[in-house]
Amino acid sequence: ELFYTLEQLRTGHLSADLVDFLQLFRTKLEVLDRPADVVLPHAERGTVVFDVGTGIAGIDFINSLPRQDGLVILSDHDPFIVTLLQVTLRWVGRTDIKVMQLNATELPVEQLPEGPVRHLVASAVLQHMSAEEQRQFLSRAQRLLGPTGKLWINASWLGQNEHGEAQALDGELARAGFKVTKAVTVFDEKGQVGCRRLRAEPVAPSLGGTVAPFVVATVHEAQ
C-alpha cells in the first residue's frame, strides 16, 4: 500500500510506482467505459429485471434506459445511494423503474409481488464478496430466477490478483448449478486490466453446471 502527502500530489513529486498505478487505473477506466459498458436487459411485460449493487450508475439508468414494458428494480446496500436514486427517480417521473435498499447477500428467494424475475444483473459485485458470500448469493439467485431466468455478471479487474478472481467466478457458477451460456472477456494489450461479462442460466441440480467457451478480445478488437 502506498501513501503520499497532499504536498507531494500538489507539486507532482510522485514516485514511479504511483505514476504507474495512475496510468493503469486510467487504462482500466478506458477499458470499462467502452466495450464493457453495462446494458440492462429489457423488462418484458409482467416481468422484472433486478439489478443488485447498482451504485451511482443508477442515475444513468433512470435518465437514459429505454421505456420498459415490465419493471426494472435498482438496488444497493448503501442508504445514501438509495436516497440519491429515489430522488432522481421522482424528479424524472418514471413508473417502470423501482429503487430499493438491499444487501446482495440477502436477495429474496420467492417470486416478487411485481412479477417473476427474468433477469438478475450483478455488475462489479461478486468480486467484493467473500467465497461464502458468493455461494450464498448464487444459491439465492438460483431460487429467485427459477428454471427460466438468466443471471448476468460483470466482473472487472485491475492487476493479476483481481484477474484470477474474475476467472474463478466460472467455477463458482458451475458449483452453484448454473450453466454459463455466454462469456466475453475484454482486456488491454498487457492483460492487466479488463472485464469479464457472463450470462448464466440455472440448470437441474443433477446435471451440474458447465462452463461455455468464452470469447476473448483486446480493447482494439472490441471497439
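Reader: What makes the link between the side chains of Glu-114 and Lys-98 a polar contact?

Author: A polar contact is a pair of N or O atoms within 3.5 Å; within protein, one must be able to donate a hydrogen and the other to accept it, and residues adjacent in sequence count only if both atoms are side-chain atoms. The two side chains come to 2.5 Å. That value is within the 3.5 Å limit, so the pair is a polar contact. This is a predicted model, where local features need pLDDT of at least 70, side-chain atom pairs need 80 or more, and totals for chains, interfaces and linings use all residues. Side-chain values use heavy atoms, without hydrogens and water, and residues are numbered from 1 along each chain as its sequence is written.

Reader: Why is Glu-114 called partly exposed?

Author: Buried means under 20% relative accessible area, exposed over 50%, and partly exposed in between (1.4 Å probe, protein chains only). Glu-114 has 29% relative accessibility, so it counts as partly exposed. Its place is in the loop between β3 and β4.

Reader: Which residues does Glu-114 contact, leaving aside its neighbours within four places in sequence?

Author: Contact means heavy atoms within 4.5 Å. By that rule Glu-114 is in contact with Gly-46, Val-48, Leu-71 and Lys-98, its neighbours within four places left aside. Thr-47 is 67 residues from Glu-114 in sequence, but their C-alpha atoms are 7.4 Å apart.

Reader: Why does Val-125 count as buried?

Author: Val-125 has a relative accessibility of 10%, so it counts as buried. Val-125 is found in the loop between β4 (117–123) and α5 (131–145). With neighbours within four places in sequence left aside, Val-125 is in contact with Val-52, Gly-53 and Ala-104.

Reader: Ala-124 lies in the loop between β4 and α5 too. Why is Ala-124 called partly exposed?

Author: Its relative accessibility is 35%, so Ala-124 counts as partly exposed. Ala-124 also has a positive phi of about 55 degrees, although it is not a glycine.

Reader: How do you know that the span of α4 is close to the expected one?

Author: Helices (H or I, at least four residues) and strands (E, at least two) are DSSP runs, numbered from the N terminus. The expected span of a helix is 1.5 Å times one less than its number of residues. Helix α4 covers residues 79–92, 14 residues in total. From first C-alpha to last, α4 reaches 20 Å, close to the 20 Å expected.

Reader: What do we find at the start of α4, and what just after it?

Author: At the start, a side-chain oxygen of Asp-78 reaches to within 2.8 Å of the backbone nitrogen of Phe-80. Just after α4, Gly-93 takes a positive phi of about 80 degrees.

Reader: Why do we say that the buried residues of α4 line one face?

Author: The buried residues are Ile-81, Val-82, Leu-85, Thr-88 and Leu-89. The arc is that of the directions from the helix axis to the C-beta atoms. For α4 the buried residues fall within an arc of 130 degrees, so they line one face of the helix. The face turned away from the buried side carries the exposed residues Phe-80, Arg-90 and Trp-91. What covers the buried residues of α4 includes α3 (57–64), β2 (71–76) and β3 (97–101).

Reader: What puts the buried residues of α3 on the same side?

Author: Gly-58, Phe-61 and Ile-62 are the buried residues of α3. Their arc covers only 95 degrees around the axis, which puts them on the same side of α3. Asp-60 and Ser-64 are exposed on the other side. The buried residues of α3 pack against β1, β2, α4 and β3.

Reader: What makes a set of residues a nonpolar core?

Author: A nonpolar core is a set of buried Ala, Val, Leu, Ile, Met, Phe, Trp, Tyr and Cys residues joined through side-chain atoms within 4.5 Å. The largest one has 30 residues, and Phe-50, Leu-120 and Phe-137 have the most contacts inside it. Helix α5 gives the most to this core, with 5 residues. Apart from it lies another core, of 15 residues, including Leu-74, Ile-81, Val-82 and Leu-89.

Reader: How much of the protein chain is buried?

Author: Buried residues make up 44% of its 223 residues. The chain has 7 helices and 8 strands.
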